[in-house]
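User: I would like to learn how to read a few features of a protein model with care. Could we take them one at a time, with the general idea before the case?

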Amino acid sequence: MKTYLVTGATGFLGKHVIAELVSRGDCQVRAFARSPAAFEDAAVTSVRGDVLSGPELAEAMAGTDGVFHLAGLVSRERDGSRHMMAVHVDGTRRVIRAAKEAGISRVVVASSSGTVAISKDEVVHDEDSGYCTDIAARWPYYASKIYQEKVAFELGEKLGIEVVCVNPSLLLGPGDSRLSSTKDVLHVLRGQVPMVVRGGVNFVDVRDAAAATVTAMDKGVAGERYLLGGPNWTVKEFFSRIARAAQVSPPRVMVPAAISRLGASLMEGLYRARGTESPIDRVSVEMAEHYWYVDSSKAARALGFEARDPGLTLADTVKYLRQTIATDR
């Protein structure tokens, strides 16, 4: 029976990766997180620790057969970029070095499709598209993910660790208790998206991404990345399909980029004066004006990745949010 360590175990992807591992059976899981949750299955052991410091990481790795490194900080904010870089880059460096010390030969790293799949034009990206460093530099999360990948591959090769990266697009589905990826869906449910811009989005069901992530441990090729994405939709279609799944009115007004950014800035100022968070922010508008289209053919061939009907993903996302979070504001 194999034992795997999962960092970021209480995150959106982490919880589903653990569920996938348990469902496949014949393995033990060490769920590593700063604030570990209670897992009902006897095959899962919670371990409290931080990938940036402390002896717990090395202790948790002892005797394991592989590491799923999923720990990260998901944010669109430009503030806190230094901490985000530390978590994604320094944390990854520490995980791979600890794996070497523990005699572990294989690490699967969760990155993002945004390392290679952002464009101002309607381009469908694949794993050979190259890092979109110039565009990603505007947003610390994606910039830090590019550096994370580079460090993971380079250090892995240097230390003799087989590193495989999985690059999911926007994760949707049930279980996002922190709203790390599903906040846009929540805003549509609350009628807080008054406008749309010209851009495109790709999303993937977190359960499908988790299944491919687990498969990557055995079938992924060291030094390779695998894009995990579902449909490539315009922003307008994305919001319309969410609204249809939720049976609410969709945003209908198409606004030019300059006006949408100005409007978002004004809304941020108004909400800030009230001491609350604006549902529309300038950074999210800037991101929505780009195209995040991906081709997941490589993951389909190598990992057996298959994205489910996007309508089912949206329906399950809406259902979860309505059951767990107030959606009527």
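User: Is Thr-3 buried or exposed?

Analyst: This is a predicted model, and the burial of a residue is judged here from its relative accessible area, with buried meaning under 20%. Thr-3 has a relative accessible area of 13% and is therefore buried. The residue belongs to strand β1, and, apart from neighbours within four places in sequence, Thr-3 is in contact with Gln-28, Arg-30, Gly-63, Thr-64, Asp-65 and Gly-66.

User: Which order do the strands of the open sheet have, and which strands stand at the edges?

Analyst: The open sheet has 7 strands in the order β3-β2-β1-β4-β5-β6-β10, and the pairing is parallel. At its edges stand β3 (44-48) and β10 (225-228), each with a single partner strand, so that one side of each has no neighbour in the sheet. From one strand to the next, the twist averages 20°. As an example of the pairing, β1 (residues 2-7) and β2 (residues 27-33) run in the parallel sense over 6 bridges, with Val-6 of the pair placed opposite Ala-31 in β2.

User: How should I read the packing of two helices, and what is the case for α3 and α5?

Analyst: Two packed helices are described by the angle between their axes together with the distance between those axes. For α3 (residues 81-102) and α5 (residues 140-159), the axes come within 9 Å and cross at roughly 15°. Since angles under 35 degrees count as roughly parallel, α3 and α5 are therefore roughly parallel to each other. Their crossing is right-handed. Among the residues that meet are Met-84, His-88 and Ile-96 in α3, and Tyr-141, Val-151 and Leu-155 in α5. Sorted by class, the contact of α3 with α5 has 11 nonpolar, 6 polar and 4 charged residues.

User: At what angle do α1 and α7 cross, and which residues make the contact?

Analyst: The axes of α1 and α7 come within 8 Å and cross at roughly 60°, which makes α1 oblique to α7. The crossing of α1 and α7 is right-handed. Their contact includes Phe-12, Leu-13 and Val-17 of α1, and Ala-210, Val-214 and Thr-215 of α7. By class, the residues of the contact of α1 with α7 divide into 9 nonpolar, 3 polar and 3 charged.

User: What phi do Asp-26 and Leu-179 have, and where are these residues found?

Analyst: Asp-26 has a positive phi of about 60° although it is not a glycine, and its place is in the loop between α1 (12-24) and β2. With a relative accessible area of 60%, Asp-26 is exposed. Leu-179, likewise not a glycine, has a positive phi of about 55°, and Leu-179 is found in the loop between β7 (170-172) and α6 (183-189). Leu-179 is buried, with a relative accessible area of 18%.

Key
Residues numbered from 1 in each chain as written. Predicted model: local features only at pLDDT ≥ 70, side-chain atom pairs only at ≥ 80, totals over all residues. Heavy atoms only, no water. Axes fitted to C-alpha atoms, helices over the stretch in contact; angles between N-to-C directions. Helix = DSSP H or I, 4+ residues; strand = E, 2+ residues; numbered from the N terminus. Parallel < 35°, antiparallel > 145°, perpendicular 65-115°, else oblique. Left-handed = near helix turned anticlockwise from the far one by under 90°. Contact = heavy atoms within 4.5 Å. Nonpolar A, V, L, I, M, F, W, Y, C, P; charged D, E, K, R; others polar. Pairing = 2+ DSSP bridges. Buried < 20%, exposed > 50% of the residue type's maximum accessible area, 1.4 Å probe, protein only.
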